[in-house]
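Let's go through how the terms apply here, one at a time. Have a look at the model first.

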Number of protein chains: 2
Amino acid sequence: MAFDRDDVLRAAAELLTRRATATMEEVARAAGVSRATLNRHFAGRDALVRALEDLGIAECEAALDAARVEEGAAVDAVRRLVREAESCAGLLAFLYSESQLFEGEERHAGWARIDERLTGLFRRGQESGEFRIDLSAAWLSEALYGLLAAGSYAVTEGRAARNGFVHMVVELLLGGAIRRNAS
Amino acid sequence: MAFDRDDVLRAAAELLTRRATATMEEVARAAGVSRATLNRHFAGRDALVRALEDLGIAECEAALDAARVEEGAAVDAVRRLVREAESCAGLLAFLYSESQLFEGEERHAGWARIDERLTGLFRRGQESGEFRIDLSAAWLSEALYGLLAAGSYAVTEGRAARNGFVHMVVELLLGGAIRRNAS
DNA sequence: CTCGCATGAGACATCAATGTCTCATTCGGG
DNA sequence: CCCGAATGAGACATTGATGTCTCATGCGAG
């Protein structure tokens, strides 16, 4: 069977998202390849995690592109972004907790680009008067990461319905928990 | 020097929160004890993590008590709770990502009690008309965990000021990102 | 002061994960 | 059909963390 790098990475992401301490052998089994082959293509766990990081970055940027975050009202852009980012929320949650592994090195430049676009989106919303300015754009970005991860966990563990994901994340991030008369 | 179990646990929490893969020897050094002594009191990494889990649960319940979450307006109770929970947000973030280690076992009963009080708080707020009802109490609880963790990360990594923690978390959770005329 | 107990330091065996190697098999292209 | 490249299965050595043991030291209680 031909080795499909992307298939393997997706299987690895799926498993590692659920159990971050999974063995390379378990990853190999989950991906349907032998441990030897896995090692031929990813020289060690670090290389695998780095490849997953690249994948996560690529998917995030794809989501940012697909959501056209630089266009239209910031509020709508955020809605589109969460919708597009749902599919990579799990991977994002994994990388979010795993990033500390590369302590001492500089963070992957891809994250900086993503952070830039994300904070840019929130800053744009603040300048247009859509978003409140007492919460910094950096914090809103961080909160988006956190809520995506929390939403992913909630769905994975069955504490929330999968089809409610976008509504949960978007509404809480944008509108908060307090009930209001009309929007 | 006398062995202070709580001191050691706090040092371990402080280190493991930053680097979840730290060695037992690193933990021992960070706690200022020898590896042998650490092992005498915590038989293995699992036992240490479990002790940290107990500590985290105790601190969460202490925060819930101190915040008197069952009293007064739910909105005010949430504010008090976040204020009280700030000090254990880092530990919470660590346990949040580490809980998967005990896969296969039933979750610690303490978490169920905490979840119960937390969802109870949000449910109470929904019944009193303070909180919107299209976001489930379970999701609001999960989101609180996520925002506490995100806030902890943001502060740790210098992306937000430490003294802004409570404001950031409370305001986003309750009020959301959208700017409004008046509260 | 002296005794006893806990600790620190280090050595040691163990264990699990990992990286590598070999060899048979299989799949695909020519 | 045949050959070559890649894969799967398994063995093997290595590495790093870990659990345990011993012994000397130091601190506190009496």
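Q: Which helices each supply at least two residues of the surface near DNA strand D?
A: They are α3 (35-41) of chain A and α3 (35-41) of chain B. Helices here are DSSP runs of H or I with at least four residues, numbered from the N terminus. α3(A) gives the most, with 5 residues.

Q: Before going on, what sort of model is this?
A: It's a predicted model: local features need pLDDT of at least 70, side-chain atom pairs count only at pLDDT 80 or more, and totals for chains, interfaces and linings use all residues. Residues are numbered from 1 along each chain as its sequence is written, chains are lettered from A and ligands numbered from 1 in the order in which they are written, and side-chain values use heavy atoms, with hydrogens and water left out.

Q: What makes a residue count as near a strand?
A: One of its heavy atoms has to lie within 4 Å of the strand. Around DNA strand D there are 17 residues, with Phe3(A), Thr37(A), Met24(B), Arg35(B) and Gly44(B) coming nearest.

Q: Why is the pair between Thr37(B) and a phosphate oxygen of DNA strand C called a polar contact?
A: Because a polar contact is a pair of N or O atoms within 3.5 Å, and a polar side-chain atom of Thr37(B) lies 2.6 Å from that oxygen.

Key: Polar contact = N/O pair within 3.5 Å; in protein donor to acceptor, adjacent residues only side chain to side chain.
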